Amino acid sequence: MAGAAVLGALRAPLLRTLAVVSGRCSAPVKSVLPPTPCVLSPPWRASSARTLQLCSSLCAGHNKWSKVKHIKGPKDEARGKMFAKFGMMIRIAVKEGGPNADLNVNLAHILEQCRNKNMPKASIEAAIKSAEKAKPASQHMFEARGPGGCLLLIEVLTDNNTRSHQEIKRLLNKNGGMLSDGIRHSFTRRGVVAMAGKTISTEKALELAIEVGAEDVQDSEDEEEQPLMQFICDTMDVNKVRASLEKLGMQIASSGVEFVPNTRSSLDQDQLDAASTLIEALSDCPDVVRVWDNIQADS
């Protein structure tokens, strides 16, 4: 009898465990231990394991990050590239006229463009200091023809002429362009004062140009495809034209010295797309400061 009681005592916990797992109470078991109340399984134990399923609402956080990565990311990347180009322009200006913006008109114009594009003050100051301490680099102007016969001037700042020449040539060949001598004669170095937006008519702008001492007015766009009205003048008259326009209440977006084309190349849409791809590829090259063109899209 004692052996049967011990065996029953050992079997009782096991039976109770099986009852809980299976979701039903076991029959009473003879045991020498005090009786244990029947334990019912919680509802979630009664059913079999469920398969994890994801729906769009559960993935909303990932969708939000996707938008940040694919929209904000490229904008931040473009912003970084723009600041890098400004740094190169500062370096060239410092090399030509020194680090004092009060004595270096070209540097003053570039610094103003940096501020207009919200380049951090610390980054501007760092660019000026690094320009003074930078190792020697040479400035070059590559001349090229692009899709549809458009003309390109490619301004480069480099410490390795051979590398830059090979890279520019590779990008041109890959995107329907080619190096071509004599292109620079189709551009003239002029002063350009750009007015933000198009708040006045072309006729009124031409009247203003005569009044402030500018020679011509051209419609253009900035990097964000916002309209600009450019007043073309002699390189020595940039500050005078700018001051005159501001006195008349005009909002100035930028001013400086640029290469202005003597004639314009009219391209169809396919040629315009190809030329845009080429200019974008050239602009992404680390050694390229700016790309000047004579492109005019067909209306």
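Cys 114 is in contact with Phe 86, Ile 90, Met 119 and Ile 124, leaving aside neighbours within four places in sequence. The model is predicted.

**Nonpolar cores**
- The largest nonpolar core has 20 residues, and Ile 90 and Cys 114 touch the most other members.
- α3, α4 and α5 (121-133) are the elements that give two or more residues to this core.
- The most comes from α3, with eight residues.
- A second, separate core holds 18 residues, including Ala 144, Val 156, Leu 267 and Ile 295.

**Asn 104**
- Asn 104 sits in the loop between α3 (60-97) and α4 (105-116).
- Its relative accessibility is 6%, so Asn 104 counts as buried; the cut-off is under 20%.
- The side chain of Asn 104 reaches the backbone oxygen of Gly 98 at 2.9 Å.
- Not counting residues up to four places away in sequence, Asn 104 touches Ala 93, Val 94, Gly 97 and Gly 98.

**Asn 294**
- The loop between β9 (288-293) and β10 (295-297) holds Asn 294.
- Asn 294 is buried because its relative accessible area is 2%.
- A polar atom of the Asn 294 side chain lies 2.8 Å from the backbone nitrogen of Leu 151.
- A polar atom of that side chain also lies 3.3 Å from the backbone oxygen of Thr 263.
- Beyond four places in sequence, Asn 294 is in contact with Cys 150, Leu 151, Phe 187, Pro 261, Thr 263, Arg 264 and Ser 265.
- Asn 294 and Val 260 are 34 residues apart along the chain, with their C-alpha atoms separated by 7.9 Å.

Key: Residues are numbered from 1 along each chain as its sequence is written. This is a predicted model: local features need pLDDT of at least 70, side-chain atom pairs count only at pLDDT 80 or more; totals for chains, interfaces and linings use all residues. Side-chain values use heavy atoms; hydrogens and water are left out. Helices (H or I, at least four residues) and strands (E, at least two) are DSSP runs, numbered from the N terminus. Buried means under 20% relative accessible area, exposed over 50%, partly exposed in between (1.4 Å probe, protein chains only). A polar contact is a pair of N or O atoms within 3.5 Å; within protein, one must be able to donate a hydrogen and the other to accept it, and residues adjacent in sequence count only if both atoms are side-chain atoms. Contact means heavy atoms within 4.5 Å. A nonpolar core is a set of buried Ala, Val, Leu, Ile, Met, Phe, Trp, Tyr and Cys residues joined through side-chain atoms within 4.5 Å.
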